[in-house]
Amino acid sequence: MSNRTVYVGAHVSASGGVFNAPANAADIGATALSLFTRNQRQWKAKPYAPEAVDAFKAAMKAHGYNGDNSIPHSSYLVNLGSTDDEIWEKSIAGLADELSRTVQLDMRWLNFHPGTSKGEWDEERTLARIAAGIDRVHAQVQGGVLVLENTAGQGSAMGNRIEHLQRIIELVKDPDRVAICIDTCHAFAAGYDIRTAGGWDELIKLVEGTTGLDKLVALHLNDSTGGLGSRKDRHKPIGDGEIGLEGFRAIMEDSRLDGKPMILETPEVDRWPEEIALLKKLAS
Ligand code: ZN
Ligand code: MN
Ligand code: MN
């Protein structure tokens with residue numbers, strides 16, 4: 001009946017090499033994928049061997065993945081909001097390396113968390129620090145788009161308000177190279193009540209009125225352990241958490257999201273095939 005384009009997948013393992021990720025995604029029925037472009041627990045990594053890049057591109061093509069349905073996730077070490085110059089510089093270098101890997105692998109978007117000054121600076125100063133970091137990364141890398149993920153607002157993480165993402169985009173020199181990703185668990189924990197179609201619509205209208213919907217390029221689909229406004233970044237399998245199935249039904253029925261990769265980061269990896277099948281069914 002529908003001729004919608006719905007990309008649903010998961011953040012799959014790239015263990016053994018990035019070229020293993022596409023087959024891992026295909027194995028679970030994914031039509032979208034996320035991966036770490038390198039070991040996410042270290043600041044530095046060796047450049048790719050040319051054969052690894054070729055193998056990755058071949059595997060992507062073989063399994064139907066491309067720059068439209070794939071979005072790597074950056075290291076959790078990166079903090080462009082840090083007041084500590086050493087950490088800030090390491091974050092810029094690390095993110096630039098990951099963005100350049102993203103481009104090398106024929107993808108365009110790199111998802112990352114905006115960052116935090118750990119409460120040392122006020123919101124505006126922290127957002128300006130993040131924007132300045134983005135400018136530095138852009139200047140170091142040809143091509144690629146940095147994708148700001150909304151957060152649960154745990155600690156004093158920026159990005160729990162969509163307006164924070166909008167402000168960062170306003171402050172950067174090249175806003176065409178910045179986009180956003182909505183994580184459903186983070187949004188709910190940050191206080192956006194997306195348990196119903198009406199609640200989801202309100203969030204999308206907020207995006208339309210701030211960054212614009214064209215800036216929304218991807219979604220992370222996770223249910224939430226914490227309640228509404230709990231500010232807890234704790235993911236649950238789809239339907240098992242506080243958002244619940246009706247919320248995800250509204251999201252999957254929303255054709256405004258067509259063509260945007262939707263990525264599971266839910267904790268029970270064995271259940272991904274079942275969760276992906278369920279989400280696809282809700283969209284049909
Ligand atoms: Zn994330
Ligand atoms: Mn996420
Ligand atoms: Mn999270």
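Asp 97 pairs with Arg 101 in a salt bridge whose closest N and O atoms sit 2.8 Å apart. Keep in mind that this is a predicted model.

How accessible are the two partners? Asp 97 comes out at 23% relative accessibility, so it counts as partly exposed. Arg 101 is down at 3%, and therefore counts as buried.

## Another one-turn pair, in helix H8

Helix H8 covers residues 244-253 and holds both Glu 246 and Arg 249, which are 3 residues apart, again about one turn of the helix. Their side chains form a salt bridge too, with the closest N and O atoms 3.2 Å apart.

Here Glu 246 has a relative accessible area of 46%, which makes it partly exposed. Arg 249 is partly exposed as well, at 30%.

## Linking H3 to H4

Which side chain does Asp 85 meet in a salt bridge? That would be Arg 129, at 2.9 Å from N to O. Asp 85 lies in helix H3 (residues 85-104) and Arg 129 in helix H4 (residues 123-140), so this pair ties together parts that are 44 residues apart in sequence. Arg 129 has 13% relative accessibility, so it goes down as buried.

Some residues take part in a network: Asp 201, Lys 205, Asp 254 and Arg 256 are linked by salt bridges.

## The metal site

Now for the metals. The manganese ion (ligand 2) is coordinated by Glu 149 (OE), Asp 183 (OD), His 220 (ND1) and Glu 265 (OE), at 2.1 to 2.2 Å. Along the chain, the donors of the manganese ion (ligand 2) follow the spacing E-x33-D-x36-H-x44-E.

Which residue bridges the manganese ion (ligand 2) and the zinc ion (ligand 1)? Glu 149 does, and the two ions lie 3.3 Å apart.

Note on methods. Residues are numbered from 1 along each chain as its sequence is written. Chains are lettered from A and ligands numbered from 1 in the order in which they are written. This is a predicted model: local features need pLDDT of at least 70, side-chain atom pairs count only at pLDDT 80 or more; totals for chains, interfaces and linings use all residues. Side-chain values use heavy atoms; hydrogens and water are left out. Donors are N, O and S atoms within 2.8 Å of the metal (3.2 Å for Na, K and Ca); water is not among the atoms, so sites may look incomplete. A salt bridge is a side-chain nitrogen of Lys or Arg within 4 Å of a carboxyl oxygen of Asp or Glu. Helices (H or I, at least four residues) and strands (E, at least two) are DSSP runs, numbered from the N terminus. Buried means under 20% relative accessible area, exposed over 50%, partly exposed in between (1.4 Å probe, protein chains only).
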